[in-house]
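Here is a short briefing on a model with several chains. Look over the sequence and the structure first, then read the points below.

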Amino acid sequence: MTFKTKLMASTAAMLIASSGAAWADGHATHPETGDVLASEQTFTYRDLDESPSIDPGVAEDSAGGDILRDLFEGLMNQDADGNLIPGVATGYEVSDDNLVYTFTLRDNAKWSNGDPVVAGDFEYAWKRAASPELASPYSWFIELMSLENASEVIAGDVEPSELGVTAIDDMTLEVRLTQPLPYFAQMTTHFTTFPVHKATVDAHGSEWTQAGNMVSNGAYKLTEFVPQERMVRERNEMYWDNENTYIDTVTRLVIPDENVALTRYLAGELDRTAVPTGQFPRLSEEYPDEALSVPTACSYYYTINLTDTGNPALMDPNVRKALSLAVDRDVIVENVLAGGQKPAYTFTHWATAGFETPDIPMASMTQADRNAMAAELMSAAGYDADNPLAVDLIYNTSEGHKSVAIAISQMWKQTLGVEATLDNQEWQTFLQTRGNQDYQIARAGWCADYNEASTFLDLMDSNSGYNDAKYTNTEVDELLAEAKTADNPQANYDRVEEIIAIDTPIIPIYHYASVNMLNDNLEGWPVNNFQQNWYSKDFYKSAE
Amino acid sequence: MTAYIIRRLAVAIPTLLILVILSFILMYAAPGGPFNSDRPLPPQVLANLEAKYGLDQPFWKRITTYVWSVTTQFDFGPSFKFKDRSVNDIISQGFPVTLTYGFWSFIVAVVVGVSLGAAAAIRQNTWLDYLAVGISVGAQVLPNFVLGPILIIVFTLWLGVLPGGGWNGGQWQYLVMPVIALSTSYMASIARITRSSMLEVLNTNFIRTARAKGLSPTRVIWKHALKPTMLPVISYLGPAFVGMITGSVVVDLIFSTGGIGQFFVNSAFSRDYSVIMGITILVGSLTILFNLVVDILYAWIDPKIRY
Amino acid sequence: MFPNKATVESLEDAAHMAEVQGRSLWGDARERFFRNRAAVVSLIVLICIAAFGFLGELVAQWERDFVDFSLMGANATQGVPSFETGHYFGTDASGRDLFARVVQGTRISLMVGIVGAMVAVIVGTLYGATAGYFGGRIDGIMMRTVDVLMSIPFMFVLILMLVIFGRSLFMLFLGIGLISWLDMARIARGQTLSIKNKEFVEVAFATGVHPLKIILRHIVPNLLGIVIVYATLLVPSMIIFESFISFLGLGVQEPNTSLGALISEGNKNVGNGTPWQLAFPLAFFVVTIFAFFFVGDGLRDALDPKDR
């Protein structure tokens, strides 16, 4: 017996023992698809790094979000296409002024210790997340939700009990907002809004998230957790929809090196791992059923410092535009990244819900025309081979960012004679340099908080804290403000994208795709979920 | 001897203090902070975090509070990054892992290294000698970040006999590759030192006499040559042992063993001040301890040395 | 990772001998060195590698930072090593000529090794000589400081330093050099203690020569033999160390590169059908370090009376 089969045999034995042999029957079929289910229903995936926290109120990264969507369940869930479906709440009502949401909870939701999940658990969790005492790095999410008194609670000016959320009774939760938010219900799928079991937190303090202590209400419960190594989540028998859950055990392994992770995937140790930059073409040829590229809600761009600490030459919009024109995005997405990403001429991701990518003139030109136009703009600005423009480009340490920076600096050099100095900075240094406008051109990426164009375009607002270019344009500010209350904001978004294309405070480069190897027996992956929010309870493994 | 040990331990305290202060200054001089992220936190949220972790205090107060809680309560504080965990938690989870594979690597390096070196010396200028020298130099020059992934490709992907990484409570299958990757370069150094040291010993009058008395070659080597040969080897073992613990950075990153090396590198990058400090103090203490152990061993083996 | 106590001790013996033997030592040593075949071959190899690193660009057909966009993404099929395309070693993952990059990587790795070793040797020798020359309390304090510094986990401190001050060649030289001067300081001090009672030093002292001048003019030259041997053994350690730093992503900046950075990058793509990206830099790395080891061993044996 090889080691691998031994391992599988012992895991299977453990599963039979722990899950009451419910799914150990190899002949069971999936009721909807009719697929024959594999006898072993496990899902093992890889994370790059350990998440800072798996406390819903404190968690701050998307990998932590993946874990929390398995362990906990919020008011609403997303389906495979990203649409809202009931979670703990069966539904909600909105007042006429769109300021009060009333959620009705299901009566059969239970915590993993058997306690019922009540509205008070949500009220407690939200107030806890906002409280200065917990000091959660994600408390701003409560503020983003525009809950009544959110800013004041975070600032410590009023008690957390004043937050605009109240449990009317065990089954009814009332939420009061300060402004209408069309996407508010979507936000209740986010981990910061997940309920927390107060008795457990009171009993264990900050150690309540450790295996053995944690009480959760999701489809899975935490059974083993060794930080930076592995986490095992097993079926939560108390979960209200337990009988429609197929995967028994979800194992998360931390593997920092993506190439090692790929080797281990190919050896059959993992069901899912990221494809290293540049390896997608080969992998999709060799494993066409496993290499998977789906659009995901992030945009990759270069931001240009427009303050007086920037490069004086870059204050000229035409020079910036020339730099943007000379970037051959097709080469970047097809040859450098080669993972199904799409070239970006707009900041907003092409797949954003309700967003039609406007016609930016640059997008429909050929690269030869763009290069010619770029060269023209450059020489008009007074730069040529004898008087080349010199710029500094910073990016944070990563193979992918490095490859993109190398390619773009060469495009600038070969088409425009621009001498770009590359400066690779370690993450924290990079954040400080960029945040203090101590740069000329910097790499940046932005991922959507919710599935609507304003999550991207709000960065172009003069007052946005994330506007690292320090770009100010009153027309853009007005258009964005107007879009907030407009019935159809598309026209405003079109105009903002057009202005950005002309002023070029940022150079959009590509729209992300999430590129993974996925076991072809694992069914139910939400390929159409734009934010790639997946729930292990929706998966099942078909027999080979 | 006891007085010597006490004196050495007394020096260790100011040494550690200097280390703490030096690392503390270096750390806070670093750009960025533990709470920076791609999307800057709103000022109020940042203020809450800084208040919670004591970063709103003046520098001198932070360092005195820190030294006080470390020395009196052995409490290294909460981790700035892993918000559900304390540094004590992280070290008590990661250090046993590092210690386990570090220990086995040490054993393997010493046993294989000494045998290889001794064999080469005894059969000087034969094919065995050349082979041993070749292996040891080869093992020394192949970086372990190249060796590690190759091991995984061979043993996990091709042969399917070993798991490709992880720790899983330290079962032997999970130990094999980390130990190979970590021990090779040390094994090579030990083999080289043993070889040259043994050659030297074998040429001394004392061994020549033993041979002339007609003692069997095996007896000469085991009874007489081995002990003096080990002297320079032992002086290498102290730093080597500590080196295996610090060298665990690569092993942790490639085999995802969850050891302390990975925590250190990550904490340096994410400015997790308390974890950096905790691990630096731990490794510093170990270095001091093992230097002392080596000196004591040295005195024990070589009675000529007096303290 | 760095020359260990055992080497250090045998070096002390060697240098002691050297000093007793006086001038004739150099001639003897040279003769002994050239009788060691492995060392001589290694020396020739090293000279060739150095020539490759410093003159290789004359042979390269491409600039080291020129990206051939037509090859990008098609490395496995079109970026193969070939004389026709002028990419003798193929191309790297970004479509750049690997030959030109290996040339530059070799140069930088050699420079890191040699400059790092020089920093260590200069600082260590001056420090040790000063401590040994003055003796007494100054010596006590200076050598206790060395003891204290030796207990500091320097690899950790170096990672911190590179993180804090940003990466640059200068930081690498400085950081790596500063880590390894401690052993040199100990050796130099030991030697100085015996040299300082020699007549020529006493005469110099009696005639009122400035202490600094005595150290530089009379003591340091007499430490030269041991310093050279130690430095030769230090260089490969430095190169290995730099490769580790590159693996962590803290090495030199693009478009510059080092052998360590090239190996680390090639290693990532080894499964992607481009084995030459690992093979060429690794071969240069291994051969360089082999050669330094053998030359170092040869030099030590040449200066080591015990082997005669």
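The notes below go from one chain to an interface, then to a core and some local features. The model is predicted. Its largest nonpolar core has 321 residues. On the interface side, 29 residues of chain C are in contact with 34 residues of chain B.

**Chain B**
- Chain B has 12 helices and zero strands.
- Along the sequence, its pattern reads α-α-α-α-α-α-α-α-α-α-α-α.
- Its C-alpha atoms fill a box of roughly 85 × 55 × 30 Å along the principal axes.
- Of the 307 residues in chain B, 49% are buried.
- Among contacts in chain B with a separation of 6 or more, 73% join residues 24 or more positions apart.

**Where chain C touches chain B**
- The contact involves 29 residues of chain C and 34 residues of chain B.
- On the chain C side, the elements that give two or more residues are H1 (5–21), H7 (154–165), H12 (224–247), H13 (259–268) and H14 (276–303).
- H7(C) gives the largest share of that side, seven residues.
- The chain C side divides into 21 nonpolar, five polar and three charged residues.

**The largest nonpolar core**
- Which residues have the most contacts inside this core? They are Ile509(A), Ile190(B) and Tyr230(C).
- H14(C) supplies the largest share of the core, 16 residues.
- Leaving out residues up to four places away in sequence, Ile509(A) touches Tyr300(A), Tyr301(A), Tyr302(A), Val327(A), Arg329(A), Ile332(A), Ala344(A) and Val404(A).
- In soluble globular proteins, nonpolar side chains tend to be buried together.

**A β-α-β unit in chain A**
- E14(A), helix H13 (residues 399–416) of chain A and E15(A) make a right-handed β-α-β unit.
- Strand E14 (residues 390–396) and strand E15 (residues 419–425) of chain A run parallel, joined by seven bridges.
- Leu393(A) stands opposite Leu422(A), which belongs to E15(A).

**Leu283(A)**
- Leu283(A) lies in helix H9 (residues 280–286) of chain A.
- Is Leu283(A) buried or exposed? Leu283(A) counts as buried because it has 23 C-beta neighbours inside 10 Å, and the cut-off is 20 or more.
- Not counting residues up to four places away in sequence, Leu283(A) touches Val275(A), Ala291(A) and Met517(A).
- Leu283(A) and Met517(A) are 234 residues apart in sequence, yet 8.4 Å apart in space, C-alpha to C-alpha.

Terms used: Residues numbered from 1 in each chain as written. Chains lettered and ligands numbered in written order. Predicted model: local features only at pLDDT ≥ 70, side-chain atom pairs only at ≥ 80, totals over all residues. Contact = placed C-beta atoms within 7 Å. Helix = DSSP H or I, 4+ residues; strand = E, 2+ residues; numbered from the N terminus. Nonpolar A, V, L, I, M, F, W, Y, C, P; charged D, E, K, R; others polar. Pairing = 2+ DSSP bridges. Right-handed = clockwise from strand over helix to strand, strands pointing away. Core = buried A, V, L, I, M, F, W, Y, C linked by C-beta atoms within 7 Å. Buried ≥ 20, exposed ≤ 12 C-beta atoms within 10 Å, placed from the backbone.
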